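Thanks for making time this morning.

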Amino acid sequence: MTTRTHCPYCALQCAMDLTPTPQGRLTVSPAPFPTNRGGLCRKGWTSTEVLTTPDRLTRPLLRQHRDAPLTEVDWDTALDHIAEQLLKLRTHLGPDSVAVFGSGALTNEKAYLLGKFARLALGTSQIDYNGRFCMSSAAAARNRAFGLDRGLPFPLTDLACAQVVLLAGANPAETMPPMMGHLSAPRLIVIDPRRTATAQTALDQGGLHLAPRPGTDLVLALSLLHTVGTQGHLDQDYIDQRTHGFEPAWEQATAWWPEHAELLTGVPAAQIHAAADLLGQAARDHSAYILTGRGTEQHTTGTDTVSAWINLALALGLPGRPGSGYGCITGQGNGQGGREHGQKADQLPGYRRIDDPDARAHIARVWDTDPQDLPGPGRSAVELLNALGTPNGPRALLTFGSNPAVSAPHTFRTHQRLAALDLLVVADFVLSQTAAMAHVVLPVAQWAEESGTMTNLEGRVLRRRRATTPPPGVRTDLEVLQGLATRLGQPAHRFPTDPDTALTELGAASAGGMADYSGITPQRLACDQPLYWPMPQNDPPTPRLFLESFAHPDQRARFIAVSHRPPAEAPDPHHPLIATTGRIMGHYQTGAQTHRVDQLRTAEPVAHLEVHPDTAARAGLTDEGWAHLTSPRGTTLARVRLDPTARLDTVFVPFHYAHAQAANNLTSSALDPTSHMPEFKLSAVRLEPAPPP
Amino acid sequence: MNTSPSPRRIVVIGNGMVGARMAQETARLDPQGTRVHLDLVGTEHHPSYNRVLLPSVLAGTHTPEQIRLPVPDTPTINVRTGVSATHIDTTQREVDLDDGTHLRFDELVLATGARAVLPPLAGVTTPDGRPAQGVSTLRDLADCQRVLSLVRPGAPVVILGGGVLGLETARGLIERGARVSVVESSPWIMRRQIDQEAAHILARRYEELGVSVHTWRVATRWIPDTGLELDDARLVPGEALVVTAGVRANTELAQQAGIEVDHGIVIDDHLTTSHSRVHAIGDCAQHPGGGAGLVHPGWEQASVLARRLSGTEPGARYRGARPLTRLKAQGIELTAFGHVHDPQGDQDPHLETLTISDPAQGRYLRLSVRDQRLVGATLLGFPQAAATLSQLYDTGAPVPADRLALAQGPPTAPPEQNTTTLVCRCNAVDREDIEQAWLDGARTRQAIADRTRATTGCGGCVPDLDALLEQMSHTPTAPTTG
């Protein structure tokens with residue numbers, strides 16, 4: 001029997017049909033769906049191979065003491081051990097001595113119950129998630145501009161009719177290939193320091209590729225704002241009627257006329273003029289979109305940079321109009337839903353603020369507790385990881401759906417902190433690098449083995465359907481949470497293991513919040529209706545937001561006056577180049593899944609260094625040879641791939657590899673002051689030849 | 001009791017681009033005003049604006065409102081326009097203002113800028129030294145408005161001074177429909193920034209736009225409503241004369257206060273004058289590293305001084321500029337910096353130069369390289385290379401070996417490995433896989449897709465696959481690879 005579900009990987013959530021073979025394995029075929037239009041990339045096609053990977057975990061693993069090996073134990077032993085340790089810590093050091101780390105890969109139900117577990121069963125404020133590494137800058141900027149944060153406030157299919165789409169720091173041709181099907185008609189303006197596949201597509205389709213020096217996107221956005229203004233493309237009626245704060249934002253742009261921006265960004269003034277004109281002409285026809293991705297967001301200036309892109313969109317009158325808009329391209333599978341339902345340090349379900357008394361009262365009512373018993377805001381992801389095992393920091397960490405040993409910045413320090421814990425618990429289906437450091441590893445079910453809901457990059461809530469049973473010995477994350485919660489003294493009914501029961505409670509918790517899911521029911525999901533939030537009970541879904549008004553009390557969008565700040569790190573004589581990091585087509589995130597798929601592993605078995613031939617030659621590197629990249633924090637190893645289109649001052653390494661080849665050996669934990677996003681996209685490095693591994 | 005020291009009082013004289021930037025940077029570094037209290041006074045009645053864009057206002061691409069610069073909204077930063085400083089008392093640490101009030105300071109910042117010079121030329125000035133009828137300089141918004149009132153479509157205008165400002169003004173006035181002549185007393189235009197050959201091609205570009213360029217000609221007399229008379233007795237017709245013949249630093253206040261002045265107010269790497277509590281930045285200042293007359297060094301000075309005086313980085317230093325000239329003239333891409341080529345004077349055996357002179361296309365490129373570092377360049381009509389080379393010069397990074405490739409900019413074709421045989425990137429299907437599927441009996445796009453997954457990702461390769469199918473169906477024998 002065939003099961004219709006969605007891909008386990010990115011936020012495009014391509015629809016797929018899973019069909020069991022006589023041998024009991026599942027085969028994949030792409031299914032028609034608006035986002036993937038019947039397509040799949042190579043990761044989707046091979047996704048079921050991870051279900052039967054030979055090193056799949058099926059028994060809990062426990063380390064009796066710090067230096068002992070992980071050995072198999074039964075579930076009761078593992079859960080009893082964890083609960084005992086957690087209770088001991090709470091008694092001696094208080095509830096904040098225990099921390100939780102969640103994920104944008106978790107279903108809405110898991111994300112919701114994980115937040116509830118932290119606040120209610122553990123009583124800790126110390127919960128955050130890996131979405132801090134993905135969506136936080138765009139989310140912060142969207143909230144302050146629009147009063148609400150939904151990645152794409154319009155269906156993805158709207159893009160296909162646009163004349164022009166500007167993509168800032170996004171490379172969907174590599175990271176979300178089926179999305180490119182929506183971008184074949186518009187002319188593309190791609191902002192990326194690298195000539196990515198997406199940038200090449202832009203050029204092939206008669207569009208533009210602007211390649212700024214990393215860390216200068218904000219200046220480029222200000223210069224584009226300045227230039228669309230001087231070319232007469234401002235939508236003054238829209239600015240007057242639907243926005244606030246244009247003047248101060250414009251004045252910041254006045255300092256960055258194109259010929260001045262050119263020096264800092266390295267983008268020729270003529271290209272800035274051309275891009276502004278292409279975009280401005282399309283905006284006059286209400287037929288332009290501006291989209292941002294991690295490339296422009298993962299900086300210490302990420303929030304302000306997204307604000308600068310939004311300012312540009314507002315000045316052109318794009319948001320809140322059919323046929324045009326601003327959106328950010330969510331990365332992780334449930335990067336959208338994951339940031340709405342309470343696994344973020346400062347949030348409660350329904351995209352509510354945890355410091356809002358009304359929000360606390362509402363959630364306390366749903367959770368049948370006292371608002372005063374709900375903890376306040378906790379540390380953000382990197383601050384949380386950096387605090388682990390320090391005198392005032394948590395002594396225990398529970399991670400779900402995440403592999404921070406590879407995904408967090410500044411690997412050396414992250415490993416130091418993880419190693420300093422009294423208790424590290426990892427729920428995963430394979431022995432990830434983080435799991436290998438854990439005291440207890442809990443084997444959990446994979447996507448095709450359980451059901452739930454995911455919210456895709458458009459804010460559309462989708463049904464993930466169970467297509468097969470988990471291997472014997474494996475439990476679902478919800479079962480793990482219930483097992484732990486009851487051992488910590490919670491009644492079982494507070495932590496349901498049935499996803500639909502959890503969804504109903506999530507609906508009630510989110511009701512009245514910005515991300516209102518109360519109208520999303522198993523019945524409506526079963527009909528495959530396009531359910532875009534906000535969707536209050538009895539109301540229709542909202543495919544397009546802001547058409548009438550923005551979500552601020554005065555219904556207007558806000559320009560934010562932002563100015564350039566230098567990145568946290570500048571090249572110096574010992575580290576003269578800039579390394580930037582990102583994804584490649586064949587792998588996903590830390591590679592815990594994709595390195596276990598033969599076709600994907602063999603195609604890209606090792607990390608590569610993308611470098612200009614001159615820059616390589618100067619460092620003594622040859623094509624296909626090996627190189628060490630060294631930043632002030634560490635060294636990573638990669639195989640050289642010469643690219644004559646690369647900037648001379650910038651090199652690229654993918655972040656899907658671990659240990660000696662981990663890109664995050666290089667990155668720093670410098671944070672954006674607003675979103676607390678780390679600066680993944682910029683480290684100062686030097687290159688040296690290295691022996692093959 | 002509050003034991004924190006009271007905020008340091010800073011007074012900034014001059015609300016131009018650099019003085020305003022000083023206030024802006026201070027606001028950014030000290031948003032709560034706990035470290036400093038800053039008063040800024042400026043003579044002009046307008047809020048601060050971007051002077052660099054005045055030629056764009058002339059061209060009509062910017063309105064005066066559109067070139068306003070940000071005013072800090074920090075309560076401890078107080079900006080007063082329409083007020084001039086008249087006297088500095090360094091002993092009492094007090095500045096007198098022309099409205100009769102005084103400002104006390106702990107630290108004083110002179111950002112008094114420069115003023116346009118009117119040459120000693122008959123008919124150009126009134127007896128009291130102001131521009132005569134039909135004559136204007138172009139230094140501030142008032143000048144800009146005066147120039148606009150003097151020019152009209154179809155009427156002749158003379159620009160005296162063929163430097164950067166003169167050429168930008170000429171380009172702007174062409175947009176207004178004026179008939180423009182440029183007169184330059186040096187042997188060639190932009191004499192300080194570019195060599196003669198480049199200037200010659202640049203002049204040709206201007207002439208193609210309808211500008212007549214007269215170099216190495218000294219003006220002798222301005223005749224109102226008639227034109228500018230040259231030393232060869234020719235008359236360049238003009239209803240208006242725009243003088244863009246250089247500026248002079250405003251140093252009088254400093255001089256009266258006993259502060260050391262040369263061409264400008266003399267400053268060191270701390271941006272401090274001969275008086276330890278008085279600092280100077282921007283066009284009024286004279287640093288051993290040069291850079292006056294360009295906004296970028298001035299803004300850098302404002303940033304350094306704001307960090308020093310706010311106490312956020314007391315050790316900050318200004319180490320001089322790498323001045324870079326970037327002409328803002330629609331349709332003309334000119335960048336020049338560093339060493340200017342001199343066919344007679346360049347005897348340095350370690351200096352390499354690369355020259356591309358392409359008068360037919362109006363392009364010119366000259367790079368001067370020493371020890372693999374760029375020491376100077378002139379780039380006319382090479383926008384991509386100019387952007388890259390400017391950054392190499394600014395950061396002092398080494399120059400690539402293939403300098404000609406650099407001039408051409410990055411290749412627009414995809415790197416070779418992507419074009420060889422790969423058909424479907426999303427699923428890593430190459431031509432050989434598709435041919436094999438054909439040999440195995442797949443004859444339609446769908447059949448090929450079922451076997452190879454080609455076209456099932458973004459769908460961008462559908463036309464390529466269709467073309468391959470078409471090709472294979474016309475091949476009588478089995479397709480061969482390679």
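**Two chains and their contact**

Let me start with chain B, where the centres of domain 1 and domain 4, taken over C-alpha atoms, are separated by 66 Å. The domain bounds come from an automatic or database domain assignment, and they divide chain B into domain 1 (8-115 + 248-309), domain 2 (135-245), domain 3 (331-408) and domain 4 (416-473).

Before going on, please keep in mind that this is a predicted model, in which local features need pLDDT of at least 70 and side-chain atom pairs count only at pLDDT 80 or more, while totals for chains, interfaces and linings use all residues. Residues are numbered from 1 along each chain as its sequence is written, and chains are lettered from A and ligands numbered from 1 in the order in which they are written.

Turning to chain A, we find 23 helices and 28 strands, which are DSSP runs (helices H or I, at least four residues; strands E, at least two) numbered from the N terminus. The C-alpha trace of chain A spans about 70 × 65 × 55 Å along its principal axes. Of its 693 residues, 66% count as buried, that is, with 20 or more other C-beta atoms, placed from the backbone, within 10 Å of their own.

Finally, the interface: 42 residues of chain B are in contact with 46 residues of chain A, contact meaning that the C-beta atoms, placed from the backbone, lie within 7 Å. On the side of chain B that touches chain A, the largest share, eight residues, comes from α8(B).

Definitions and conventions
Contact = placed C-beta atoms within 7 Å. Buried ≥ 20, exposed ≤ 12 C-beta atoms within 10 Å, placed from the backbone.
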